[in-house]
Amino acid sequence: MAPRRDAARVLLRIAFRNLLASPVRTGILGAIVLVGALIVVVGSSVLDSIDRGMRTSIQGSLGGHLQVYEARSEGALELYGGLRGESLLEPIEDFSKVKAVLEQVPNVKQVVPMGIDQAMVATGNAFDLALERLRGDVRRLEAGEDGPELRRDYAAHAAHVRRMVQLLRDEIAQAREISDPEGREAAERKSEWEALQRAATDAFWRDLDRDRYGSLEFLENRVAPLAMDTAFTFLRYVGTDVDAFFRAFPLAEVVKGERIPTGQRGVLVGKQYAEEWLKLKNARRLDQIKDARDRRGKRIADDEELQRWVRENRAGIREILLQLDPIRADALAQELRPALGAPAAEPLEALLGRLFAATDESFDGQYRIFYDVVAPKLRLYQIDVGDTITIKAPSKSGYFSSVNVKVYGFLQFKGIERSGIAGMMSVLDLMSFRDLYGYLTAEKAAEIRALQKSMGAREIDRERAEAELFGAADGALVGEARVAEIDEGALVKRREEERASAADLAAHVYSQEELEHGVALNAALILDDPRLLRRTEGDVRKAIADAGLGLKVVDWQEAAGLVGQFVTLLRVVLFTAVVIFFAIALVIINNAMVMATLQRVKEIGTMRAIGTQRRFVVTMLLVEIATVGLVFGLAGAALGAGVVWGIRVAGGIPAVTDLLYFVFSGPALFPRLGALAVGGSLAVVLLVAILSALYPALIAMRVTPVEAMATED
Amino acid sequence: MHRALAFLALAAALAAGPAAALTPPELAKVVATIDERQRNSGDWKALCYMEAKEKGKTDVVYELVVYRRDEDDKQMFLFTKPRAEAGKGYLRIDKNLWLYDPAVGRWERRTERERIGGTDTRRGDLDESRLVEEYDAKFEADEKLGVYGVHRILLVAKPGVDVAFPQVRLWVDQATLNVLKRQELALSGRLMRTAYYPRWKKVFSPSKGADVWYPEEMRLFDEIEKGNSTLILIKEIDLRPLAANLFTKAWLESKSR
């Protein structure tokens, strides 16, 4: 034992002596090893943290641990959408059967039905919305209803529309000054202007009660189209059993409003979606300026984007003015004057101009005034909590389906609130999803076939259409018809239960059985122990095959589609970079060691002459390089740990894009140093160092005393 | 001299080719006749069947009533079948096209180019013919369409007129002056849609004091999305005057409730 220890001591002493004898060479080799270890430690720490972040985001928002969907589907499941839009999935016709089978699989805690799609939400332009409110009052009045409250609403809504007409007239009057009176559409412009002038007269509003519907039609068809505002928006939603969804996805939380009551229809709108697409643009821009100043340290004076937002806010005042009826407009002006220190007679438009003309010094105060004084008088979101919205989508059966659903609240996912990937998602009740999806039931299909048959329509091949239709002079080209009496009243007979259901749908409470017996597009599986994911995946596959369900099983990462591949992509990039780095390192170390070995031929020869074994010589060189690897590898790992610590102290790596927000599972990534990262980096650098020293060791081993003595130096 | 003149006349005739078949006044008359024969001075109500086929999808079929009051430029569609679609409707007033869905009780502003009920039908397919008002005509050729002799005419939209298709090519039956085929083209000349009208019917209109013609069958083929087609059948015509307030939102709402 003692001779071995002595030999080791001698080897180490020689190694250190050699290393210290050539400090430049040792420094170069050490630096390479150190940088390599540093890259591996920092890279793998960051990647592991990203992996954790993404696992949290995907599993906690939509993915669960496993997902199943119909195996016959044309496309693959992509929970967050793919390059070609939503996944093309065949429906799971009866979710309850899937649930019954999969819940029996060991380690499966929960099976959540889902259907992800996009639909259109008609928001109407500001005019259409104001007129719709007025029409609602008119409908009630014309139906014989009356009362002080209804009269008050009617008067306020009419005053609001009248104010909008005036604002629109002012705006179009300005546009007329620069338009060509002899232009192509001059006649049409003239007619539009006349309609607007008429709607702005006292006489028009005085006579409103004489012909309420007539006046409304005039405003809706001749005046409102001139406002030219956006009239719809798109909503991405997951239709699901809402209670089960909240149990399965702990990151989901309602931030405004409440959850959809158990078994009822409703929607929870994605908070981030509401902020970006539904919020009053001026308010949204104020939020963005505040965020840029507070979080990113930007200044209006230096930043072009912030300056643009300030300019756009000053130009966007019309949107606010259109929202206010005369009473609220006066009240707002009265409150704004003292708050802004404006002269007593300054009109509202000028006051708002003053409010939005923000500088770095005045911004915080103006931001507060907006939210304290202006915002309470406005509708900040086009769709807000408590509204009933109409969602419309082309259904599977080919027809457009529409449903009315109440907005119960705004939804966000904890930790990834600002992510555009998860934050855009809204949650819709399963029954409304099924109505929109419009699965063609056997009953519907039979009705369509019967209608086709009764009409005697024959199918014609496009390529042979002309020959079939005009190929023979059979006298069918012209004929005589007799007038008929068409009674649409009899044709539009709807079943009594259908009439009732339209009104009662919102209040109807569906049983769990009703929720589960029906169509879903995919289902999320939540496991008791996620560490057993692979084993459970196999069990689920077997259960599906045994029951003949014909479903495909994918893990959360695959189900996330492109987003899920992000970590894999990063790993490939890091791995490639590390491989290239170490390949270069290998060559450099190898060269340096070969040179060093050749310089020491005489010394090695002398050692061999006094009886040193070849094995000792090889070991000597390997110990030498291993010492460099270990010392500098440790130093590199320590430096890497320092970098990781530094990143954490400095506030993490900021998520500058939506995707990063999602994969970091928060606004910044805080990498964590793992034992595996340190151990792995040391192993890699030692391996590379030893590999690169093998060839020089081989040269040294072949040196004989005779050759060494023959050398001049 | 006479020989030279005869030669020149022959050369001119040959150079003009088939275009000589319809002189400009004759061409104008043909186009005006197409409009005139379909025009009805009074109201118009038709019970129609619409069937849309799309590649890889289930057929979409409707029964609907189409209403027209041409003098006011008003039009309305009320869907009556299938049951789930009954009560839905479109109302056109001036350049506004509104869609009503009784299931949600709301009106939605749609564009003039709306694909009616998600089919390949545009509102204009069921409107009166306004070729003279909207297009300038150019005679192209006389030729055969199947066994029928037809005039082929190219229509180009008049400047400043807003139409769905800037160019339209018609194949007009020489014997009856009914349109048998219609190609609709984009400004670039790209073919967008082809329509065939293999059966025309006439019905006596008391308000017009003459016959009104209508295509009993229309077959529309989408030339962009090959494989998509729509069939429209006009099953019945009712020419009685319509209620004065028919083209209003309130009327359609009342029918759908």
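Tutor: Two residues are said to be in contact, or to touch, if their C-beta atoms, placed from the backbone, lie within 7 Å. The structure is a predicted model, in which local features need pLDDT of at least 70 and side-chain atom pairs count only at pLDDT 80 or more, while totals for chains, interfaces and linings use all residues. Residues are numbered from 1 along each chain as its sequence is written, and chains are lettered from A and ligands numbered from 1 in the order in which they are written.

Student: Which residues does Gly316(A) touch, not counting residues up to four places away in sequence?
Tutor: Gly316(A) lies in the loop between helix H12 (304–315) and helix H13 (317–323) of chain A, where helices (H or I, at least four residues) and strands (E, at least two) are DSSP runs numbered from the N terminus. Its C-alpha atom is 17 Å from that of Phe363(A), 47 residues away along the chain. With neighbours up to four places away left out, Gly316(A) touches Lys281(A) and Asn282(A).

Student: Is Gly316(A) buried, exposed or partly exposed?
Tutor: A residue is buried if 20 or more other C-beta atoms, placed from the backbone, lie within 10 Å of its own, exposed if 12 or fewer do, and partly exposed in between. Because Gly316(A) has 18 C-beta neighbours inside 10 Å, this residue counts as partly exposed.

Student: At what angle do helix H6 (residues 186–199) and helix H8 (residues 212–223) of chain A pack?
Tutor: Ala195(A), Leu196(A) and Ala199(A) in H6(A) meet Leu219(A), Arg222(A) and Val223(A) in H8(A). This contact divides into 5 nonpolar, no polar and 1 charged residue, with Ala, Val, Leu, Ile, Met, Phe, Trp, Tyr, Cys and Pro counted as nonpolar, Asp, Glu, Lys and Arg as charged, and the others, Gly among them, as polar. Axes are lines fitted to C-alpha atoms, for helices over the stretch in contact, and angles run from 0 to 180 degrees between N-to-C directions. The axes of H6(A) and H8(A) are 10 Å apart, and the packing angle is about 145 degrees.

Student: What distance separates the centres of domain 1 and domain 2 of chain A?
Tutor: Domain bounds come from an automatic or database domain assignment, which for chain A gives domain 1 (2–57 + 565–705) and domain 2 (126–227). Taken over C-alpha atoms, the distance between their centres is 78 Å.

Student: Which strand gives the largest share of the side of chain B that touches chain A?
Tutor: In this interface, 62 residues of chain B are in contact with 54 residues of chain A. The side belonging to chain B divides into 27 nonpolar, 12 polar and 23 charged residues. Its largest share, 7 residues, comes from residues 191–205 of chain B, which form strand S11.

Student: Which residue of S11(B) stands opposite Gly479(A)?
Tutor: Two strands pair if DSSP finds at least two bridges between them, and strand S9 (residues 478–480) of chain A pairs with S11(B) in the parallel sense over 3 bridges. In S11(B), the residue opposite Gly479(A) is Lys201(B).

Student: Which residue in the turn between S5(B) and S6(B) has a positive phi?
Tutor: Strand S5 (residues 96–101) of chain B runs antiparallel to strand S4 (residues 89–93) of chain B, with 5 bridges joining them. S5(B) is also joined by 5 bridges to the antiparallel strand S6 (residues 106–110) of chain B, where Trp98(B) has Arg109(B) as its bridge partner. The hairpin of S5(B) and S6(B) has 4 residues between the strands, and the turn residue with a positive phi, of about 65 degrees, is Gly105(B).
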